[in-house]
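Subject: Structure handover

Hello,

Here is the structure I said I would pass on. Please open it next to this message and follow along.

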Amino acid sequence: MKIVAVTACPTGIAHTYMAAEQLEKTAKKLGHHIKVETQGAMGIENELSQAEIDGATVAILAVDIAIEQAERFARIRQIKVPVQAALRDPEAIFHQIQGIMLKNV
Amino acid sequence: MALEHHFVCPLPNGTHARPASALEEVARGFRSEITLVNGRTGQRANAKNVLAIVGADVRFKDPCRLEVSGPDEGSALPALIAFLRERFAQCDHEAPAPGRPAGELVLPPMLRQAGAALRPGTPLVPGIGRGRLVRAGGFRLPEHLPVNGVTDVAFEHQRLDRALDELIVWYGQRLAAAGPGVEREVLTAHRAMARDLELRETLLAAIGRRRTAAGAIAEAEAHFSARLTASNNPLLAERRLDVQDICRELLHRIYGAAARLPDLVLTVESIVVAETLTPGQFLALDRHWLRGLVLAQTGATSHTVILARSFCIPTLGGVNLAGLEGDDREVVVDADLGGLVTALPATVRRYYDLEQARLSGLSRRLRQFATQPAVTADGARLEIAANIGVAGEAELAFAAGAEGIGLFRTEMLFLERAEAPGEEEQYEVYRQALQAAGHRPVVVRTLDAGGDKPLPYLSLPAGENPFLGYRAVRIYPEFEELFRTQIRALVRASAHGNLQVMVPMLATLEEVRWCKRIIAEEQARCAASGVAHDPAMPVGGMIEVPAAVFLLEELCNELDFFSIGSNDLLQYFMAADRLNPRVASLYDPLQPAFLRVLQQIVEVVSARQKPLSLCGEMAAHRRYLPLLVGAGFKKISVASPAIAGLKAELAGLRQGDCRRLFALAHESETAGAVAGHLATFPVQQAAPLIRPELVADGVVAATKAEAIKQVVDLLNISGRAADPRAVEAAVWAREATYSTGFGHGCAIPHCRTDAVQVNSLAVLRLAEGVEWGSLDGQPVRLIILLVVRESDAAGAHMKVFARLARKLMHEPFRAWLAQEKDPDVLCALLREALET
């Protein structure tokens, strides 16, 4: 599955990047392709283009705050979770995605 | 038939001395007999008699009445009613003491969780001290003074009567010179008590029974103390101290030095509590055991406080001491937070143990700087000298790293005595300071008395506005012999080292020329009689009157060096009394107008190649240091405890940055804009994110709050955060959104704040895990603190933090962090792992 994701936490120093790492690590383990954009103190990094988003099956928004350029995600199926969920049990998010996908097929 | 007025006591603390003396002031203005009646107890008191009013024990909401009868009763009653309505209720309000931070005392999380209660006070000398409460002051008769057996009753009567009159005048003089606030009110109360008719009657009646003056004073003290103590009201019981003060003063006036009580002897670590403490009483305390001072009243400028600062004795002022009489419990003076801690359960004790550890860690680091010359990171030198008030401080100053004595205030020599010190005595004192200094310079300021620092033997009239009055160089011509004596002692002492004389408060060239003439005459006299001296002894001036700034060219023709007295210059220049909280925002060294004056002085004086120093409080604060360096100062003079810290601070500054900062500040429009530039000013840019001293192992912490305090303290001890509590608060603000315990026994507390001077990473490894509210509910043993400067949040270090955050998601990295024993190796590998 092709997945795009955004992580963003309140101070943008630590959890944004911890969550990104967790999502990447877990996707790899479960055999998915993922690109994670971080919105932290340094601004947007590893930015997702509209084409990348449109080409993905689903978006994971692991965010505690309102994100920049949210309109990019208007047309994609998505799952929104707190940053902590990505830290605590990232696999659960991926299972949840599979649930959504099954329902919609 | 007497006129009557009924009212209910509106004072929550009852009619203690302050409201009583206010009522007495009004009552005294009329010839009628005025009586205050306490409706609850039936007690009657003469309203022209403070002690009687106080003794009537009127409490909150007691029904009361005033009875007025006499020739002017018709005008007295309305005046009294107006007073009761408009002013009486306000008598209870404490004026805000200078320097007290606005609002509530904010406790750090550890203390808050421990439920600690602090009695708030004004921090006068920073620091923390723990010890047994010891009360200074009090009243005892020296044993050798006889109390009975007077033969010449008339003589005894007369001298006691006269001493009381003199005391009333003396309180009046001190009142005229007193700043607003508590001190004024206390002096008013003292004076009212001193002129209390009942006190005088009690004293003189005892003489009639053939008591000596000493015996009479002791009797009166016992009589009124007993009455006030019996009142059951802690506030009244405290007024005993007023009576005791008056009695001590009377004894001193009649018997002089013979009445001096044996000095307070300390035998354990002690916190000395006193209503007031004179510089002499302070110096008599055994500093080996002295851990802190708590003064009920004193301004931030009193000489006692200046001395306490020199000797690093944590000091609080304006503390409510009710309920602590006769108590010798262990307490903590926390002059960093601004409070007295009177209950020390284990959790509070633990906090202060940690504070002690932090402070000693800090002073260990600073001690290394003390003996080094003061240099910026890019090699610019700044000479840091010490301000002292007594010769004995010189040695302390040099041990603390002073490169000279930049200001020896000589007032202390002249205070608390019946006549001015003679030439020999002064010569000895100056010689002693020079001896301690060796080849280093000692700048002695000639007597700055008068105005707010009255001397009894000069009988100077108390001016309306003492700061702008007859003081310092202005009184020299009238008291020429006093000045000549000091100059003679200085000229003779100049043979023993590098002595420089400095004249305070210069405003005109005439003053300078007059002083120089006297100095030259005394030098010539020494030369003629073959007395050894330094004929080239430099003569300089204080720049503290703004007029001097506009005479600098001419002053440079006359004088050899200058020192800016920034406290007075700022007060005079901004026309703002620094003790008046309402204009405190004007008394701000960051006012751009003031910075421009400083620059003008530096420009003119350095163009004429004369040495220039700054010896006011502005120099002692690390905050202003970059501005002083940027303005081009090459020398400053501060209280010795500040020296090592300033040297450490200086080592992290670059002269070029400081100059750019000063240029910005100089062009700013407001003090707020200057503060903004200062807050974002980078210090210690070159410091690496982590150093071995930011790693601590096997740390014991019972709670999350204890752990956070200790990891933040690492930043403070290593000189990265001057205000650790501000960093702690920022860390906790972040914890409040959700816990930074991310599981696996790790937590990554972090924040963005300019309370750190440099971006930092600190690692704390605990001996046992603590509850952190972690994602997996497990206790935390590994704590990694990240702090980024707010103004630098997009900087290069952020990439490092991001990389660290990502690596922490991998078990092998966490295991390595938890296990690597050697902090040096840990730092080196961490840097390598994160920066490449």
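Predicted model: local features only at pLDDT ≥ 70, side-chain atom pairs only at ≥ 80, totals over all residues.

Start with helix H24 of chain B, residues 655-667. At 1.5 Å a residue, its 13 residues should span 18 Å, and the end C-alpha atoms are 18 Å apart, so the two values agree. The buried residues in H24(B) are B:Gln655, B:Cys658, B:Leu661, B:Phe662 and B:Ala665. Seen down the helix axis, these fall within an arc of 115 degrees, so they line one face of H24(B). As background, an α-helix has 3.6 residues a turn, so residues three or four places apart point the same way.

Next, look at H12 (residues 346-370) and H23 (residues 643-651), both in chain B. Their axes come within 8 Å and cross at roughly 80 degrees. An angle from 65 to 115 degrees counts as roughly perpendicular, and H12(B) and H23(B) are therefore roughly perpendicular to each other. On the H12(B) side, the contact involves B:Leu366, B:Arg367, B:Phe369 and B:Ala370. Their partners in H23(B) include B:Ile643, B:Gly645 and B:Lys647. By class, the residues of this contact are 7 nonpolar, 1 polar and 2 charged.

Last, the contact between the chains takes 15 residues from chain A and 21 residues from chain B. On the chain A side, helices H1 (15-30) and H3 (83-88) each give two or more residues. H1(A) gives the most, with 5 residues. The side of chain A that touches chain B has 8 nonpolar, 4 polar and 3 charged residues.

Regards

Definitions and conventions: Residues numbered from 1 in each chain as written. Chains lettered and ligands numbered in written order. Axes fitted to C-alpha atoms, helices over the stretch in contact; angles between N-to-C directions. Helix = DSSP H or I, 4+ residues; strand = E, 2+ residues; numbered from the N terminus. Parallel < 35°, antiparallel > 145°, perpendicular 65-115°, else oblique. Contact = placed C-beta atoms within 7 Å. Nonpolar A, V, L, I, M, F, W, Y, C, P; charged D, E, K, R; others polar. Expected span 1.5 Å × (residues − 1). Buried ≥ 20, exposed ≤ 12 C-beta atoms within 10 Å, placed from the backbone. Arc of directions from axis to C-beta.
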